[in-house]
Structures are given as structure tokens and as C-alpha cells.
Amino acid sequence: MGAVMGVRGPVAVAVGAVVAAAGLLVVDPNGPRSWWPPCPLFALTGIQCPACGSTRMVHALLHGDLAAAWRFNAVMLVVGLPLLAWLWARWFRAARRGERTAPLSPKVGTPVLALAVAWMVVRNLVG
């Protein structure tokens, strides 16, 4: 019973992701009447955060348009989605065992942070 209680968080996040994906299948975030919120940083400053374009990227990916997904956010497509899947799997595995998820090693966190900062700088200078 303890393992079932422990997996509620990861399962709730997975269900939320599936619901969001279903929404992205039917509502185009590129449209003028889209109810998908814009990136708050971009809306306020015009600066693209490392995740900017991720909603549009997932929409394109769900519709089989890999080229558009790449244009919207290549780094999130290639690094971000697999990283999120791996982090979720770590969380779920630990929760199933009734354990806390171990903190991320600096060997993972530091390169991810460096890539995010570099991607943010590059995409704002280039495009």
C-alpha cells in the first residue's frame, strides 16, 4: 500500500502530461485564438527562455512534423524531452520503492544548466 501511495505524484504528473498532449492535439498553440498561455518571460521582455517554443514543438511533434518541432525548439526536442522522461522515471522508480528521489548529481545538473544558459544566449542573439 505504501508504494501505491508513493507513486501518486509521478502518476498525477503523467496523467497531466497526457491531458496536456491531448489538448495539443486539438488546439493549435500557433493560432490567434489559442488558449495556451505564452511564455511569461517572452511576453514581458521579448527574451526567449530555453524552453520557449516547447508547446509549439510538442504540438508539431504530436502531428508528425519533426521539421517544425526542430525549428520551434531543437534543444528541448533532442535533450529536454529525453531528460524529462529520465527524471520522471527516476522519480517513479524511487516512489514505487517508497524512497525519496536522490538529488541530481552535479555531473548531470551542471551540464544541463550550462546548456540551458548557452541555448538561451544563442537563440536570443541569432534569432
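Which helix gives the most to the lining of the second largest pocket? The answer is H4, with five residues. The model behind this is a predicted one, in which local features need pLDDT of at least 70 and side-chain atom pairs count only at pLDDT 80 or more, while totals for chains, interfaces and linings use all residues. Residues are numbered from 1 along each chain as its sequence is written, and side-chain values use heavy atoms, with hydrogens and water left out.

Overall, the chain has six helices and zero strands, so that its elements read α-α-α-α-α-α from the N terminus on, where helices (H or I, at least four residues) and strands (E, at least two) are DSSP runs numbered from the N terminus. Along the principal axes, the C-alpha atoms take up a box of roughly 50 × 35 × 30 Å. Of the 127 residues in the chain, 22% are buried; buried here means under 20% relative accessible area, exposed means over 50%, and partly exposed is in between (1.4 Å probe, protein chains only). As for contacts (heavy atoms within 4.5 Å), 54% of those between residues at least 6 apart in sequence join residues at least 24 apart.

Next comes the core. A nonpolar core is a set of buried Ala, Val, Leu, Ile, Met, Phe, Trp, Tyr and Cys residues joined through side-chain atoms within 4.5 Å. The largest one in this model is made of six residues, namely Met 57, Ala 60, Ala 68, Ala 69, Met 76 and Leu 77. In soluble globular proteins, nonpolar side chains tend to be buried together.

Now for the pockets. On a 1 Å grid over the protein atoms alone, a pocket is an open set of points where a 1.4 Å probe fits, with protein on both sides within 12 Å along at least five of seven lines, and lining residues have an atom within 4 Å of a point. Grid points are joined across faces, edges and corners, and a volume is the space filled by probe spheres set on the points. The largest pocket holds about 360 Å³. It is lined by 16 residues, with Pro 37, Pro 38, Cys 39, Gly 53 and Arg 56 the closest to its centre. H4 supplies the largest share of this lining, three residues. By class, the lining of the largest pocket splits into nine nonpolar, six polar and one charged; Ala, Val, Leu, Ile, Met, Phe, Trp, Tyr, Cys and Pro count as nonpolar, Asp, Glu, Lys and Arg as charged, and the others, Gly among them, as polar.

The second largest pocket comes in at about 300 Å³. Among its 14 lining residues, Ala 17, Ala 21, Leu 24, Val 58 and Leu 81 lie nearest the centre. Helix H2 (8-26), H4 and H5 each put at least two residues into this lining. Its make-up is 13 nonpolar, one polar and no charged residues.

His 59 also sits in helix H4, and it counts as buried because its relative accessibility is 11%. Its side chain reaches the backbone oxygen of Leu 24 at 2.7 Å. Leaving out residues up to four places away in sequence, His 59 touches Leu 24, Val 27, Asp 28, Pro 29 and Asn 30.

Trp 91, in helix H5, counts as partly exposed because its relative accessibility is 32%. Beyond its neighbours within four places in sequence, Trp 91 is in contact with Gly 9, Pro 10, Val 13 and Thr 101. Trp 91 and Ala 102 are eleven residues apart in sequence, with 8.6 Å between their C-alpha atoms. Phe 42 belongs to helix H3 (residues 40-45) and, with a relative accessible area of 41%, is partly exposed. Setting aside residues up to four places away in sequence, Phe 42 touches Ile 47, Gln 48 and Cys 52. The C-alpha atoms of Phe 42 and Gly 53 are 10 Å apart, and these residues are eleven apart along the chain.

Definitions and conventions: A polar contact is a pair of N or O atoms within 3.5 Å; within protein, one must be able to donate a hydrogen and the other to accept it, and residues adjacent in sequence count only if both atoms are side-chain atoms.
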